[in-house]
There are 2 protein chains.
Amino acid sequence: MGTKILLVEDDADLGMVLKQYLESSDFEVKWYTHPKALLDDADALKNNQLAILDVMLPEMDGFTLAKTIRQQHQIPFLFLTAKGQSIDRILGLKLGADDYITKPCEPEELLLRIHNILKRQLSATPNKTVNLGAYAFNPALYQLVFNDTIIQLTEKEAELLSLFLNHNHQIVNRKDILEKLWGKDDYFLGRSLDVFMTRLRKYFQHDTRISFDSIRGIGFKIEFPE
Amino acid sequence: MGTKILLVEDDADLGMVLKQYLESSDFEVKWYTHPKALLDDADALKNNQLAILDVMLPEMDGFTLAKTIRQQHQIPFLFLTAKGQSIDRILGLKLGADDYITKPCEPEELLLRIHNILKRQLSATPNKTVNLGAYAFNPALYQLVFNDTIIQLTEKEAELLSLFLNHNHQIVNRKDILEKLWGKDDYFLGRSLDVFMTRLRKYFQHDTRISFDSIRGIGFKIEFPE
DNA sequence: CTCATCGTTAACCTTTCATTAACCTAGTCT
DNA sequence: AGACTAGGTTAATGAAAGGTTAACGATGAG
């Protein structure tokens with residue numbers, strides 16, 4: 001499971017659709033219909049990486065929520081706004097939000113915005129590294145550190161590694177990887193992924209606790225030490 | 001907490017959003033809904049470094065306020081104007097605004113203007129230099145000093161260098177640079193940035209601790225010594 | 001009008017890196 | 001066993017990104 005997203009949307013149908021769509025894109029979604037329900041749930045706000053708020057929500061609560069999110073939890077948020085709404089209002093909101101998007105919206109566009117925000121977020125916290133046994137990985141810098149030497153990964157290598165980090169101790173489908181990194185929806189013939197697997201294995205060859213074993217016909221089993 | 005800003009904006013929502021946004025950008029904001037309230041508060045006008053005024057405000061008071069600010073407190077100010085309004089009219093008021101910005105506005109643009117104004121303000125009090133290894137940089141004068149010789153940078157060179165100084169030891173996205181210095185939101189084709197990179201590299205060639213390595217497809221990794 | 005400045009464009013060259021090709025090795029099926 | 005297929009590995013390839021230099025052209029000052 002991937003990044004956690006808070007969704008506040010009072011329309012039941014739209015909320016459900018968004019939740020499902022985002023989950024199918026490998027996000028973990030908590031959906032609330034009202035800001036109040038969310039504010040009452042103390043744990044809810046923790047450990048999320050993005051909030052999506054519907055501006056049509058009863059307004060004061062929406063504002064309070066936005067304020068809380070911005071001040072106390074410092075996660076980015078994105079507003080959903082209906083088309084007819086007052087321009088000043090929306091653009092005012094835009095000032096406080098990291099982005100906004102007008103309903104109805106293309107799912108692809110929503111995803112794009114989400115990824116942009118998360119990427120910005122990522123590059124704003126540059127020195128945060130993930131410990132991987134004898135290695136350390138800095139996702140923002142695409143750097144792998146081993147024995148005081150820095151290995152500069154390419155973009156695709158880093159993307160692939162990041163994906164694996166979100167699926168530690170799990171088996172990842174070959175197709176899922178291809179869809180995520182190559183966007184192929186049809187079946188994929190090339191061998192690029194295998195070449196990248198070789199490269200990653202070579203990078204991590206000095207720590208035997210790290211492995212990407214292939215499961216024939218399925219995908220790869222990911223193992224990083226805790 | 002950073003620089004103090006006076007905000008006069010009568011729309012409650014927009015005011016709140018602006019206040020929050022600016023506070024999140026590390027400014028200290030005093031927000032008044034009406035100029036009168038501000039004029040009545042004798043202490044309010046002291047110790048601020050910038051005022052942001054909504055031109056939609058009841059005109060006479062707004063005019064008086066601007067006059068007061070300019071004559072008695074000598075802090076710079078910035079007008080918010082709605083899109084339909086004539087810019088000429090505002091300029092015609094000869095209030096001596098340091099800048100104006102039309103609503104709706106991009107958050108980044110607002111911040112940029114604010115920083116520009118404060119920078120101009122700052123450059124009136126010069127000779128504050130930043131140490132860069134064997135070099136010294138004076139952002140206000142666009143000057144680089146090396147071995148007692150002064151290298152006069154152009155405006156864009158200095159802007160680019162300043163941007164990099166704010167991102168030491170980080171990877172800066174190519175797109176972010178282009179957006180910030182060239183304001184291109186669409187896809188950018190030109191090679192100006194690369195030319196400037198060459199120029200900066202040439203300036204700094206005598207201190208190997210300073211580097212701007214390119215990360216293909218991403219941007220540049222900035223390194224200055226501490 | 002002339003000259004200098006400076007951001008931009010043009011042209012050409014080098015480097016990078018995802019992909020492909022080619023050849024292996026190891027499972028799986030009959 | 002032999003045939004077939006998925007995956008491993010290595011090297012070659014080619015398109016695109018980036019580096020560099022020179023020339024261009026807008027702007028503004030004298």
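1. In this predicted model, helix α7 (residues 174-182) and helix α8 (residues 192-203) of chain B pack at an angle of about 95°, with 11 Å between their axes. Angles from 65 to 115 degrees count as roughly perpendicular, and α7(B) and α8(B) are therefore roughly perpendicular to each other. On the side of α7(B), the contact is made by Arg174(B), Ile177(B), Leu178(B) and Trp182(B), while α8(B) contributes Ser192(B), Leu193(B), Asp194(B) and Phe196(B).

2. Turning to chain A, the model has 8 helices and 12 strands there, and 44% of the 226 residues of this chain count as buried. Among the contacts in chain A that link residues at least 6 apart in sequence, 55% join residues at least 24 apart.

3. An open sheet of 3 strands in chain A has the order β10-β12-β11, and its pairing is antiparallel. The edge strands, each pairing on one side only, are β10 (171-173) and β11 of chain A, and neighbouring strands of the sheet are turned by 30° against each other on average, if direction is ignored.

4. Within that sheet, β10(A) is joined to β12(A) by 3 bridges, and Asn173(A) stands opposite Gly219(A) of β12(A). Strand β11 (residues 211-215) of chain A is joined to β12(A) by 5 bridges, with Asp213(A) placed opposite Lys221(A). β11(A) and β12(A) form a hairpin with 3 residues between them, and Gly217(A), which lies in the turn, has a positive phi of about 85°.

5. The largest nonpolar core comprises 32 residues, and those with the most contacts inside it are Leu160(A), Phe164(A), Ile177(A), Phe204(A), Phe212(A) and Phe224(A). At least two residues of this core come from each of β7 (135-138), β8 (143-146), α6 (155-165), α7 (174-182), α8 (192-203) and β12 (219-223) of chain A, and α6(A) gives the most, with 5 residues. A second, separate core has 27 residues, including Phe146(B), Leu193(B), Ile210(B) and Phe220(B).

6. Which residues does Phe212(A) touch, when those up to four places away in sequence are not counted? Its partners are Phe164(A), Met197(A), Leu200(A), Arg201(A), Phe204(A), Phe220(A), Lys221(A), Ile222(A) and Phe224(A). Of these, Phe164(A), Phe204(A) and Phe224(A) are also named among the residues with the most contacts inside the largest core, and Lys221(A) is the residue that stands opposite Asp213(A) in the strand pairing.

Terms used. Residues are numbered from 1 along each chain as its sequence is written. Chains are lettered from A and ligands numbered from 1 in the order in which they are written. This is a predicted model: local features need pLDDT of at least 70, side-chain atom pairs count only at pLDDT 80 or more; totals for chains, interfaces and linings use all residues. Side-chain values use heavy atoms; hydrogens and water are left out. A nonpolar core is a set of buried Ala, Val, Leu, Ile, Met, Phe, Trp, Tyr and Cys residues joined through side-chain atoms within 4.5 Å. Buried means under 20% relative accessible area, exposed over 50%, partly exposed in between (1.4 Å probe, protein chains only). Helices (H or I, at least four residues) and strands (E, at least two) are DSSP runs, numbered from the N terminus. Contact means heavy atoms within 4.5 Å. Two strands pair if DSSP finds at least two bridges between them. Axes are lines fitted to C-alpha atoms, for helices over the stretch in contact, and angles run from 0 to 180 degrees between N-to-C directions. Angles under 35 degrees count as roughly parallel, over 145 as roughly antiparallel, 65 to 115 as roughly perpendicular and the rest as oblique.
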